[in-house]
Amino acid sequence: MSSPRTSAIKTLPAQTIGYTLRDSRYLNITNRCTLRCEFCPKFNGMWAVQDYQLRLDHEPTLEEIVAAAGNPEDYREIVFCGLGEPTLRLYTLLEAATRLRHRAKRIRLNTDGLANLVYGRDVTPDMEGLIDALSVSLNAQDDETYNTHCRPKLPGAYEAMLDFVKCAREFVPEITLTAIDGLPGVDMAACEKIAQRLRVGFRRRVLDVVG
Ligand code: SF4
């Protein structure tokens, strides 16, 4: 899940699976999404984060993902991200995290929080010991505002995302909800209150800045 700083695709090199921003190593494992966010740059033909071209010509294999992590010990964290929803490749993601676990200082997953809805079960126990931190896109203070901006493909997405967070608290040590400041109708204070009520962290994001 991303809202990248974009630039023109025509000036960019071939697809990027692993890329470094600040001192984190990001892994771009799919372009598929459960949401169709109206603010998403990819729907406007913009597929780049800074100078990295994130449009994939194929979904990377497990071996390609692990190789793209480089030397995990050199980074503050490994982040499963991409211009898509990483949990749509949950089992590949978990296997990659297993392989990187002993070398990575920290493993974070950026997600829309809809994996339980997609897989029809609580997948959060699978993350125990593998994922250190979750950044979950809350994006709105209520179902209606969420549906307007995120346009989920599956019904019941907003409640499912909140339930996912409740379940994940038992298995992932650090959870942060995020919302993008400046989207029409999004009440940042109300979003932060939801995070407090769920006893997880909150981070305000700025549109078009990845992280
Ligand atoms: S979750 Fe939304 S913003 Fe992120 S890549 Fe998918 S459609 Fe775009």
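Q: Over which residues does pLDDT stay under 50?
A: This is a predicted model, and pLDDT is the predictor's confidence in each residue. Here pLDDT stays under 50 over residues 2-12. For that stretch the model has 38 contacts beyond four places in sequence. The chain averages a pLDDT of 92, and 92% of the residues score at least 70.

Q: How many strands does the open sheet have, and what is their order?
A: Strands of a sheet pair through backbone hydrogen bonds, either parallel or antiparallel. In this structure an open sheet has seven strands in the order E1-E2-E5-E6-E7-E8-E9, and the pairing is mixed. Strand E1 (18-21) and strand E9 (201-206) are the edge strands, each pairing on one side only. On average, neighbouring strands of this sheet are turned by 25 degrees against each other, direction ignored.

Q: How many bridges join strand E8 to E9, and do they run parallel or antiparallel?
A: Strand E8 (residues 174-181) and E9 run parallel and are joined by six bridges.

Q: Which strands does H2 touch?
A: Helix H2 packs on the sheet and touches strand E2 (24-27), E5 and E6. The direction of H2 makes about 170 degrees with that of E5.

Q: How many salt bridges does the structure hold?
A: Side chains of opposite charge can pair when their charged atoms come close. The structure holds 14 salt bridges. One of them is between arginine 99 and glutamate 63, at 2.9 Å from N to O. This pair links distant parts of the chain, with arginine 99 in helix H2 (residues 90-100) and glutamate 63 in helix H1 (residues 62-68), 36 residues apart.

Q: Is arginine 99 buried, partly exposed or exposed?
A: Arginine 99 has a relative accessibility of 33%. Buried means under 20% and exposed means over 50%, so arginine 99 counts as partly exposed.

Q: Why does the pair of arginine 103 and glutamate 73 tie together parts that are 30 residues apart in sequence?
A: Begin with the contact itself: arginine 103 forms a salt bridge with glutamate 73, and their closest N and O atoms are 3.0 Å apart. Arginine 103 lies in the loop between H2 and strand E6 (107-111), while glutamate 73 lies in the loop between H1 and strand E5 (77-80), so the pair ties together parts 30 residues apart. Arginine 103 is partly exposed at 32%, and glutamate 73 is partly exposed at 33%.

Q: Which residues do salt bridges that share partners join into one network?
A: The network consists of Asp23, Arg76, Glu77, Arg106, Arg108 and Glu174.

Q: How many aromatic pairs does a search of the whole structure find?
A: The search finds four aromatic pairs. Tyrosine 19 and tyrosine 26 form a stacked pair, 5.3 Å centre to centre with 15 degrees between the planes. Tyrosine 19 is buried at 0% relative accessibility, and tyrosine 26 is buried at 0% as well. Tyr19, Tyr26 and Tyr52 form one aromatic cluster.

Q: Why is the pair of tyrosine 91 and tyrosine 119 edge-to-face?
A: Planes over 60 degrees apart count as edge-to-face. The planes of tyrosine 91 and tyrosine 119 are at 85 degrees, with the ring centres 5.7 Å apart, so the pair is edge-to-face. Tyrosine 91 is in helix H2 and tyrosine 119 in helix H3 (residues 115-119), 28 residues apart. Tyrosine 91 is partly exposed at 46%, and tyrosine 119 is partly exposed at 25%.

Definitions and conventions: Residues numbered from 1 in each chain as written. Predicted model: local features only at pLDDT ≥ 70, side-chain atom pairs only at ≥ 80, totals over all residues. Heavy atoms only, no water. pLDDT = per-residue confidence, 0-100. Contact = heavy atoms within 4.5 Å. Salt bridge = Lys/Arg side-chain N within 4 Å of Asp/Glu carboxyl O. Helix = DSSP H or I, 4+ residues; strand = E, 2+ residues; numbered from the N terminus. Buried < 20%, exposed > 50% of the residue type's maximum accessible area, 1.4 Å probe, protein only. Phe/Tyr/Trp six-rings, centres within 6.5 Å; stacked < 30°, edge-to-face > 60°. Pairing = 2+ DSSP bridges. Axes fitted to C-alpha atoms, helices over the stretch in contact; angles between N-to-C directions.
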